[in-house]
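I opened a new notebook page for this protein and wrote down what I looked up, one topic at a time.

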Amino acid sequence: RRIDGTTGAVTTVAGSTQGFRDGTGIEAQFDNPLGIAVDAEGTVFVADMKNHRIRRIDKLDTFAKQLAGHRRNFQLVETRHAVVAKAHSDKCAAAEAHLARAEADRISAMKARDEAVADEAVAIAKAEVTAAADGLAQLEAKISKFRDQVERQGLDGLDEIEAYEVLQLLGVTTVSPSALAREEISGAALEDLTEEDYKRVFKMDQLGDRRRLREALNRLTKGQGFPLPA
């Protein structure tokens, strides 16, 4: 939103409902934007956290564009990969906040004719943003490699932690790593789950949920890969 310093009027610069879309004004969509910076030309940079992008809002046409980052096609939760992903995501947000502060410092420094110091601060902050985005990209590549490994080799041979990560990639959030370890459910055991296992260990009371998970595990067992997004 933008507040007119003279009239106090509040208007929408860009954004509308939650989601991801480039567009002019309210056609653009963001998902949990966190951190804003404005350069000397009036261009606004937004850390669009849950879309994992840095978005740019041009001064004249308020067109939100992707500057860096890309969407993921699966949800990360509390796995050992997800912990690192969250750390990188937090680092991106912190770097964006640093960038916003550096831009504010730049304006003050320009008034004091100390542009060299301000430029250095902005350069450091931008480097942090780039490093954080690179780290997140590397993590997503690692998870993509794990998906490819499972699709090629199937479930047999996966330990309990890897079996848990497969379940997270399939959207199962009702079971913990400790529960799988306690029940000794590894990759091979996923192939032989009973209805009682689905209800007691996985807390899946809905028949439709159990059927979809069973079909997805059968696909992986047969080497047919992860199911396509609905």
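The entries below go from confidence to strands, then to cores and helices.

**Entry 1: ground rules.** I noted that this is a predicted model, in which local features need pLDDT of at least 70, side-chain atom pairs count only at pLDDT 80 or more, and totals for chains, interfaces and linings use all residues. Residues are numbered from 1 along each chain as its sequence is written, and side-chain values use heavy atoms, with hydrogens and water left out.

**Entry 2: confidence.** I looked up pLDDT, which is the predictor's confidence in each residue, from 0 to 100, and found that the protein averages 78, with 83% of the residues scoring at least 70. The mean is lowest in strand β7 (residues 63–69), at 51, and highest in helix α4 (residues 177–183), at 89. Over residues 69–80 the pLDDT stays under 50, and for this stretch the model has 30 contacts (heavy atoms within 4.5 Å) beyond four places in sequence.

**Entry 3: overall make-up.** I counted elements as DSSP runs numbered from the N terminus, with helices being H or I of at least four residues and strands being E of at least two. The protein has seven helices and seven strands, and from the N terminus on the order is β-β-β-β-β-β-β-α-α-α-α-α-α-α. Of its 230 residues, 38% count as buried, where buried means under 20% relative accessible area, exposed over 50% and partly exposed in between, with a 1.4 Å probe and protein chains only.

I then checked the partners of β5, taking two strands as paired if DSSP finds at least two bridges between them. Strand β4 (residues 33–38) pairs with β5 in the antiparallel sense over four bridges, and A37 stands opposite F45. These two strands form a hairpin with five residues between them, and G42 in the turn has a positive phi of about 90°. Strand β6 (residues 53–57) also pairs with β5 in the antiparallel sense, over five bridges, and R55 in β6 stands opposite V46. The hairpin of β5 and β6 has four residues between the strands, with H52 in the turn at a positive phi of about 55°.

**Entry 4: cores.** A nonpolar core is a set of buried Ala, Val, Leu, Ile, Met, Phe, Trp, Tyr and Cys residues joined through side-chain atoms within 4.5 Å. Which residues touch the most other members of the largest core? Of its 26 residues, they are L190 and F202. Helices α2 (115–153), α3 (160–169), α4 and α7 (207–221) each supply at least two residues of this core, and α3 gives the most, with five. Apart from this core lies another, of eight residues, among them A37, I54, A125 and V129.

**Entry 5: D197.** I found D197 in helix α6 (residues 195–200). At 17% relative accessibility D197 counts as buried, and D197 touches D192 and F202, not counting residues up to four places away in sequence.
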